[in-house]
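Subject: Structure handover

Hello,

Here is the structure you were going to look at. My notes on it follow below.

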Amino acid sequence: VLHDLQAVYLSFIFFFLMLRRPPRSTLFPYTTLFRSNRRIYFGSDDNHMYILDGDTHQLVSSFDAAGVIRGATFYTSAARGQGFDDLIYFGTLGDAVYSLWSDGTKNWDRAVGEPLATAVIYDFDTTLFFGTQGGSVYSVDSADGDADPNWVDSTTIGSAIAADPAFIGVVGAPELDYDEVYFATDDSIIYGFKAADGSVVR
């Protein structure tokens, strides 16, 4: 009887704790939390990009991206007004790429017609690169998301991009110079493109 009473008591405590448990987070476990200049950025399964104060951890802003955010957030610094500010880039399963300032203000967005589940990467100059689950790869202007005069390849790769893109630089170059960009697909093939013009190299 004592054991039965103990079991009932423990069951009651467990039930009470479950009622008091915080709601399950909508944060996708593979989304990267990125911190820069006292800001923390992360995307969520509830379609929002969240921006926290890096010191107080209080919410600064949230941006509704109209699509689940699964890829890592990429950061740079850019001129804004009389100074500089964080500028972040990310893609969504809602078929779009976004650029936001550190306060959550949209800099630009670009619809691409196919979902993105991996990172948008930046060459620290003027260009972003990303791939979609439809197998398309893009090189776009970081200032406005425009692919002209950059490039788009929607025919070479026939399956979803499964990993974040990667750069290969020019050996011995006097400045940072990314010559090639690589994409891995879910059918275990790696494709390489010339960063400048999109010509296939591997």
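Two strands count as paired if DSSP finds at least two bridges between them. Helices (H or I, at least four residues) and strands (E, at least two) are DSSP runs, numbered from the N terminus. Across this pairing, Phe130 has Tyr138 of β11 as its bridge partner. The two strands belong to an open sheet of four, in the order β9-β10-β11-β12, with antiparallel pairing. Its edge strands are β9 and β12 (151-153), each of which pairs on one side only.

Before the rest, some notes on the source. This is a predicted model, in which local features need pLDDT of at least 70 and side-chain atom pairs count only at pLDDT 80 or more, while totals for chains, interfaces and linings use all residues. Residues are numbered from 1 along each chain as its sequence is written, and side-chain values use heavy atoms, with hydrogens and water left out.

Confidence

The average pLDDT (the predictor's confidence in each residue, from 0 to 100) is 82 for the protein, and 77% of the residues score at least 70. Over residues 5-26 the pLDDT is below 50, and beyond near neighbours in sequence this stretch has three contacts in the model. Contact means heavy atoms within 4.5 Å. Where pLDDT is low, the predicted coordinates should not be read in detail.

Overall

The protein has one helix and 15 strands. Of its 202 residues, 42% count as buried. Buried means under 20% relative accessible area, exposed over 50%, and partly exposed in between (1.4 Å probe, protein chains only). The protein exposes about 11200 Å², of which carbon and sulfur atoms supply 54%; these areas come from the Shrake-Rupley method with a 1.4 Å probe, and for residues only the protein chains shown count as cover. Among contacts between residues at least 6 apart in sequence, 35% join residues at least 24 apart.

The other four-stranded sheet

Another open sheet of four strands has the order β5-β6-β7-β8, and its pairing is antiparallel. β5 (74-80) and β8 (106-111) are the edge strands, each pairing on one side only. From one strand to the next the twist averages 20 degrees; axes are lines fitted to C-alpha atoms, for helices over the stretch in contact, and angles run from 0 to 180 degrees between N-to-C directions. β5 is joined to the antiparallel strand β6 (residues 83-91) by seven bridges, and Thr76 stands opposite Leu87 in β6. β5 and β6 form a hairpin with two residues between them, and Gly81 in the turn has a positive phi of about 65 degrees.

Cores

A nonpolar core is a set of buried Ala, Val, Leu, Ile, Met, Phe, Trp, Tyr and Cys residues joined through side-chain atoms within 4.5 Å. The largest one has 29 residues, and Phe130 and Phe193 touch the most other members. Strands that each supply at least two residues of this core include β5, β6, β7 (96-101), β10 (127-131), β11 (137-141) and β15 (190-194). Leaving aside residues up to four places away in sequence, Phe130 touches Val97, Val112, Leu116, Ala119, Val120, Ser136, Val137, Tyr138, Val140, Pro165 and Phe183.

Individual residues

Two loop residues other than glycine have positive phi. Ala66, with phi near 55 degrees, lies in the loop between β4 (59-64) and β5; Ala66 is exposed, with a relative accessible area of 56%. Asp95, with phi near 70 degrees, is in the loop between β6 and β7 and counts as partly exposed at 25% relative accessibility.

Thr92 is also in the loop between β6 and β7. Is Thr92 buried or exposed? Thr92 is buried, with a relative accessible area of 0%. Not counting residues up to four places away in sequence, Thr92 touches Ala65, Gly67, Val68, Ile69, Tyr98, Pro115 and Leu116.

Gly169 lies in strand β13 (residues 166-169) and is partly exposed, with a relative accessible area of 36%. Gly169 and Val181 are twelve residues apart in sequence and 8.9 Å apart in space, C-alpha to C-alpha.

Regards
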